[in-house]
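Thanks for asking me to look through this one with you.

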Amino acid sequence: MNHDSYPDYYIADILRATKVIALVGASPNPERPSYRVMAFLLRKGYRVIPVNPGQAGKEILGQAVVARLADITEPIDMVDVFRAADALPSVVDEVLALSPLPKVIWGQLSVRHDEAAAKAEAAGVKVVMDRCPAIEYPRLVA
């Protein structure tokens, strides 16, 4: 897929089909973008599971934090990544080790790594990069 631009239907379909989101890089700090996006997604009715090894066992926005994706015990529809772009390959490797596979890996604003995306897509996982669901949702779904 060309990750320079996405058709609106591609993003809208993902946001409509998604129910459970693992948010990698979740922060307990209300000033951080990951906290604000997580709050937005919760308000829109998504189940959001925060992933942050430094916060594991605690709660963010009332949701139990896990250390890593492998610690999640339910199927995930989407993995929303709030990490530096160079961390995306390792996140993709973690995702591809899950069973069942999530349907989507979503890299937040400035999170883009084309080789990692190609690896995920080769395994049948859709990829969105350098976008924010809290920006796309009001534009395409609400």
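1. Helices (H or I, at least four residues) and strands (E, at least two) are DSSP runs, numbered from the N terminus.

2. A word on the basis of these notes. This is a predicted model, in which local features need pLDDT of at least 70 and side-chain atom pairs count only at pLDDT 80 or more, while totals for chains, interfaces and linings use all residues. Residues are numbered from 1 along each chain as its sequence is written, and side-chain values use heavy atoms, with hydrogens and water left out.

3. Helix H2 covers residues 33–43. Its buried residues are Ser34, Tyr35, Val37, Met38, Ala39, Phe40 and Leu41; buried means under 20% relative accessible area, exposed over 50%, and partly exposed in between (1.4 Å probe, protein chains only). These buried residues pack against E1, strand E2 (47–51), strand E3 (59–60), E4, E5 and H5. Contact here means heavy atoms within 4.5 Å.

4. Now for H2 and H5 as a pair. Two packed helices are described by the angle between their axes and the distance between the axes. H2 and H5 pack at an angle of about 35 degrees, and their axes are 9 Å apart. The axes are lines fitted to C-alpha atoms, for helices over the stretch in contact, and angles run from 0 to 180 degrees between N-to-C directions. On the H2 side you will find Val37, Phe40 and Leu41, which meet Pro133, Ala134, Tyr137 and Pro138 in H5. By class, this contact has 7 nonpolar, no polar and no charged residues. For the classes, Ala, Val, Leu, Ile, Met, Phe, Trp, Tyr, Cys and Pro count as nonpolar, Asp, Glu, Lys and Arg as charged, and the others, Gly among them, as polar.

5. H5 also packs with H1. Helix H1 (residues 8–17) and helix H5 (residues 133–140) meet at an angle of about 105 degrees, with axes 10 Å apart. That makes H1 roughly perpendicular to H5 (angles under 35 degrees count as roughly parallel, over 145 as roughly antiparallel, 65 to 115 as roughly perpendicular and the rest as oblique). H1 contributes Asp8, Ile11, Ala12, Leu15 and Arg16 to the contact, and H5 contributes Pro133, Glu136, Tyr137, Arg139 and Leu140. The contact of H1 with H5 divides into 6 nonpolar, no polar and 4 charged residues.

6. Which residues of H5 are buried? They are Pro133, Glu136, Tyr137 and Leu140. Seen down the axis of H5, they fall within an arc of 105 degrees, so they line one face of the helix; the arc is that of the directions from the helix axis to the C-beta atoms. The buried residues of H5 pack against H1, H2, E5 and E6.

7. Helix H3 (residues 88–96) has Leu88, Val91, Val92 and Val95 as its buried residues. Down the axis of H3 they fall within an arc of 100 degrees, so these residues line one face too. As background, an α-helix has 3.6 residues a turn, so residues three or four places apart point the same way. The buried residues of H3 pack against strand E1 (20–24), strand E5 (78–81), strand E6 (104–107) and helix H4 (114–122).

8. On to the charged pairs. A salt bridge is a side-chain nitrogen of Lys or Arg within 4 Å of a carboxyl oxygen of Asp or Glu, and the count comes to 8 salt bridges. One of them joins Asp4 and Arg112, whose closest N and O atoms are 2.9 Å apart. This pair links distant parts of the chain: Asp4 lies in the segment before H1 and Arg112 in the loop between E6 and H4, 108 residues apart. Asp4 is exposed at 55% relative accessibility, while Arg112 is partly exposed at 30%.

9. Another salt bridge pairs Lys119 with Asp93 (2.6 Å, N to O). Lys119 sits in helix H4 and Asp93 in helix H3, 26 residues apart. Lys119 is partly exposed, with a relative accessible area of 43%, and Asp93 is partly exposed at 39%. Elsewhere, salt bridges that share partners join Asp4, Arg112 and Asp114 into one network.

10. Lastly, have a look at Asp77, in the loop between strand E4 (63–64) and E5. Asp77 is buried, with a relative accessible area of 12%. Leaving aside neighbours within four places in sequence, Asp77 is in contact with Ala17, Thr18, Lys19, Val20, Pro102, Lys103 and Val104. The C-alpha atoms of Asp77 and Lys19 are separated by 6.4 Å, although the two residues are 58 residues apart along the chain.
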